[in-house]
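Here are my notes for you to read alongside the model. Take the points in order, and keep the 3D view open as you go.

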Amino acid sequence: MTVPIGHSNVVVVGLDGSDAAQRAVSWAAEEAVRRGASLRIVHAELPLPADALDMTGMARSALHDEAIAWVQKAVSEANEVAPGVEVQVRVEVNTPAWLLEQESADAALVVVGSRGLGGFTGLLLGSVAVALSCHAKCPVVIVRGADPVLDGPVVVGVNGSPQNWHVLDRAFEEAEARGTSLVAVHAWHPPMRNARIAETVGIVWSELDSVRHALVKQRLEACADRHPGVRVEAHVVHGSPAQRLVEHSEGASLLVVGSRGRGGLRGMMLGSTSQSVLRHARCPVLLVRPGLDEQMDEARLDG
């Protein structure tokens with residue numbers, strides 16, 4: 001149920017030799033087993049600078065030898081944590097962003113570490129993350145947390161945007177596939193900073209909370225009808241959505257967030273909440289791009 005139509009049942013993981021990438025390989029291997037999928041380990045050997053003199057090919061050979069050593073270590077790690085998983089390998093001289101975008105065209109999932117070396121340095125702030133959030137053809141997981149909890153709940157944020165529907169539906173799918181519960185979090189900033197002061201002008205925070213609880217319940221029930229086996233726990237809290245999602249990510253198996261359209265297909269990007277979550281979450285984060293219908297709506301609005 002978690003494999004998009006038109007995508008092969010392959011989990012792709014980006015490798016660069018860092019500890020974070022090795023953790024991503026382990027997570028991706030276990031995810032492949034859960035899905036009954038194969039695992040593809042992908043490494044991009046960076047092109048040599050244009051002004052680099054490598055007349056004998058020693059520099060290129062050294063980079064390739066290093067890549068093979070990293071890949072061999074990753075394959076061993078995958079076989080150790082997920083015996084029997086089919087492992088494929090792709091090593092190519094290219095840029096990491098381009099290679100992972102290409103792999104995403106027929107992958108069920110692309111997995112990367114939260115920090116990296118070489119081609120994946122500065123993942124959360126750099127061009128690789130931007131490229132994946134803008135152009136990946138499948139969901140992307142950034143493996144955060146030193147020791148991911150495999151049997152924890154799935155966490156998702158609830159808001160009133162039209163784009164939130166596909167994020168919620170994906171979160172239900174992930175919880176159902178994992179046989180775990182779904183924790184839905186809606187965070188908002190009450191008017192005025194103090195509840196007592198607010199009451200003096202007729203604003204009762206508890207009443208506003210109740211209204212939001214009802215709206216959250218209505219939105220969740222619309223998705224729950226398609227996933228009746230998923231137990232849902234809803235929280236309406238005060239404060240920053242990003243901060244509250246990060247707090248609930250402690251002990252979670254997955255935190256599901258979405259990218260948002262801005263300026264149509266050409267400007268697809270991460271919103272501020274998603275960016276903050278990717279920096280600070282304590283569990284792996286699943287980044288879900290809008291579906292085709294939502295993307296086309298954005299394109300029409302962009303004119």
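1. Let us start with a space: the second largest pocket holds about 410 Å³. It is lined by 22 residues, and the closest to its centre are N159, N164, G258, T273 and S274. A pocket here is an open set of points on a 1 Å grid over the protein atoms alone, where a 1.4 Å probe fits, with protein on both sides within 12 Å along at least five of seven lines; lining residues have an atom within 4 Å of a point. The volume is the space filled by probe spheres set on the points, which are joined across faces, edges and corners.

2. A word on the source: this is a predicted model, in which local features need pLDDT of at least 70, side-chain atom pairs count only at pLDDT 80 or more, and totals for chains, interfaces and linings use all residues. Residues are numbered from 1 along each chain as its sequence is written, and side-chain values use heavy atoms, with hydrogens and water left out.

3. Which elements supply at least two residues each to that lining? They are helix 5 (164–178), strand 7 (182–188), helix 8 (241–248), strand 9 (254–258) and helix 9 (272–280). By type, the lining has 8 nonpolar, 13 polar and 1 charged residues. Ala, Val, Leu, Ile, Met, Phe, Trp, Tyr, Cys and Pro count as nonpolar, Asp, Glu, Lys and Arg as charged, and the others, Gly among them, as polar.

4. Now step back to the protein chain, which has 10 helices and 10 strands. Both are DSSP runs numbered from the N terminus: helices are H or I with at least four residues, strands E with at least two. Of the 303 residues, 49% are buried, meaning under 20% relative accessible area with a 1.4 Å probe, protein chains only.

5. In what order do the strands of the open sheet lie? The order is 3-2-1-4-5-10-9-6-7-8, with mixed pairing. Strand 3 (87–93) and strand 8 (232–238) are at the edges with a single partner strand each, so one side of each has no neighbour in the sheet. Two strands count as paired if DSSP finds at least two bridges between them.

6. Look at two of the pairings. Strand 1 (residues 10–14) runs parallel to strand 2, joined by 5 bridges, and G14 has V42 as its bridge partner in strand 2. Strand 4 (residues 109–113) and strand 5 (residues 140–143) are also parallel, over 4 bridges; here G113 is partnered by V143 of strand 5.

7. Strand 2 is well worth a look, as 8 of its 8 residues are buried. S38, R40, V42 and A44 are on one side, and L39, I41, H43 and E45 on the other.

8. V13 lies in strand 1 and counts as buried because its relative accessibility is 0%. Leaving out residues up to four places away in sequence, V13 touches A24, V25, A28, L39, R40, I41, V42 and V111. Contact means heavy atoms within 4.5 Å.

9. Finally, find A82 in the loop between helix 2 and strand 3. Is A82 buried or exposed? A82 counts as buried, because its relative accessibility is 3%. Beyond its neighbours within four places in sequence, A82 contacts A29, E30 and V33. A82 and V33 are 49 residues apart in sequence, yet their C-alpha atoms are 6.7 Å apart in space.

Key:
Buried means under 20% relative accessible area, exposed over 50%, partly exposed in between (1.4 Å probe, protein chains only).
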